[in-house]
Amino acid sequence: SVSRISRQKNIERLVRLASELNGIVPVIHIGPSYDSAYKEIIDSLSHKNIYFLGQKENVTYALKKALCFVLTSDKEGLPITCLEALANNLPIVSTDVGGISQLIKGSNGVLVDINQNEESLVNDLKAGIEEMMSTYNTNLLISRKIYENEYSMESCGNKYLRLYQSA
């Protein structure tokens with residue numbers, strides 16, 4: 001996971017998920033904390049199976065070693081971190097908020113309904129991670145293809161050029 005530590009990103013949910021995944025796969029979080037009160041809440045939780053690396057200038061090194069990208073947010077727009085995950089061939093497991101559903105095309109990720117109780121939500125996130133790990137090699141190509149076709153610099157440049165030419 002890559003995000004700032006804030007209530008909107010619901011890092012508490014990520015900590016619970018990491019605990020559920022204990023023994024299956026470790027969870028790594030990269031990102032700064034600007035909300036000291038919320039960071040204290042996170043620090044008070046049991047940190048089984050989760051590693052907080054803090055803010056990093058370049059997260060590509062970590063994404064290249066990951067098996068999937070997880071986002072546990074309550075609210076989002078179209079997260080740049082999810083685009084970075086696609087660019088690094090990662091499937092996405094996320095809460096179904098904001099524009100994230102635009103990035104999941106078939107088997108390159110799992111969206112989890114946010115409108116359910118927290119225990120069910122964490123269980124669904126865990127099941128999504130297990131599913132993505134079991135189909136890992138298939139997902140690699142799909143995620144990268146979606147990024148290249150729809151969100152790469154070249155693709156976005158071509159879309160802007162067509163829009164400009166049609167005006």
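What follows is a set of questions and answers about this predicted model.

Q: How do you know which residues may be discussed in this predicted model, and how are they numbered?
A: Residues are numbered from 1 along each chain as its sequence is written, and side-chain values use heavy atoms, with hydrogens and water left out. Because the model is predicted, local features need pLDDT of at least 70 and side-chain atom pairs count only at pLDDT 80 or more, while totals for chains, interfaces and linings use all residues.

Q: What makes a residue a contact of Val93?
A: Contact means heavy atoms within 4.5 Å. Not counting residues up to four places away in sequence, Val93 touches Cys68, Phe69, Val70, Leu71, Val110, Leu125, Gly128, Ile129 and Met132. By contrast, the C-alpha atoms of Val93 and Arg162 are separated by 32 Å.

Q: What makes Lys9 and Glu76 a salt bridge?
A: A salt bridge is a side-chain nitrogen of Lys or Arg within 4 Å of a carboxyl oxygen of Asp or Glu. For Lys9 and Glu76 the N to O distance is 2.6 Å, and their side chains meet in a salt bridge. The pair links distant parts of the chain, 67 residues apart: Lys9 in the segment before helix H1 (11–20) and Glu76 in the loop between strand E3 (69–71) and H4. Lys9 has a relative accessible area of 9%, so it is buried. Glu76 is buried too, at 17%.

Q: How do you know that Glu118 and Arg13 meet in a salt bridge?
A: Their side chains come to 2.6 Å, N to O, and meet in a salt bridge. This pair also joins distant parts of the chain, with Glu118 in helix H5 and Arg13 in helix H1, 105 residues apart. Glu118, at 27% relative accessibility, counts as partly exposed, whereas Arg13 is buried at 3%.

Q: What makes Arg144 and Glu148 separated by about one helical turn?
A: They are four residues apart in helix H6, so about one helical turn separates them. An α-helix has 3.6 residues a turn, so residues three or four places apart point the same way. The side chains of Arg144 and Glu148 meet in a salt bridge at 2.8 Å, N to O. Arg144 counts as partly exposed at 30% relative accessibility, and Glu148 does at 41%.

Q: How do you know how the length of H6 compares with the expected span?
A: The expected span of a helix is 1.5 Å times one less than its number of residues. Helix H6 (residues 136–151) has 16 residues and reaches 21 Å from its first C-alpha to its last, close to the 22 Å expected.

Q: Which residues of H6 are buried, and how do you know where they lie around the axis?
A: Asn139, Ser143, Ile146, Tyr147 and Tyr151 are buried in H6. They cover an arc of only 95 degrees around the axis, which puts them on the same side of H6; the arc is that of the directions from the helix axis to the C-beta atoms. The face turned away from the buried side carries the exposed residues Asn137, Leu141 and Lys145.

Q: What makes Lys39 a charge over the ring of Phe52?
A: A charge sits over a ring if NZ of Lys or CZ of Arg is within 6 Å of the ring centre and within 35 degrees of the ring normal. Lys39 lies over the face of Phe52, at 5.9 Å from the ring centre.

Note on methods: Helices (H or I, at least four residues) and strands (E, at least two) are DSSP runs, numbered from the N terminus. Buried means under 20% relative accessible area, exposed over 50%, partly exposed in between (1.4 Å probe, protein chains only).
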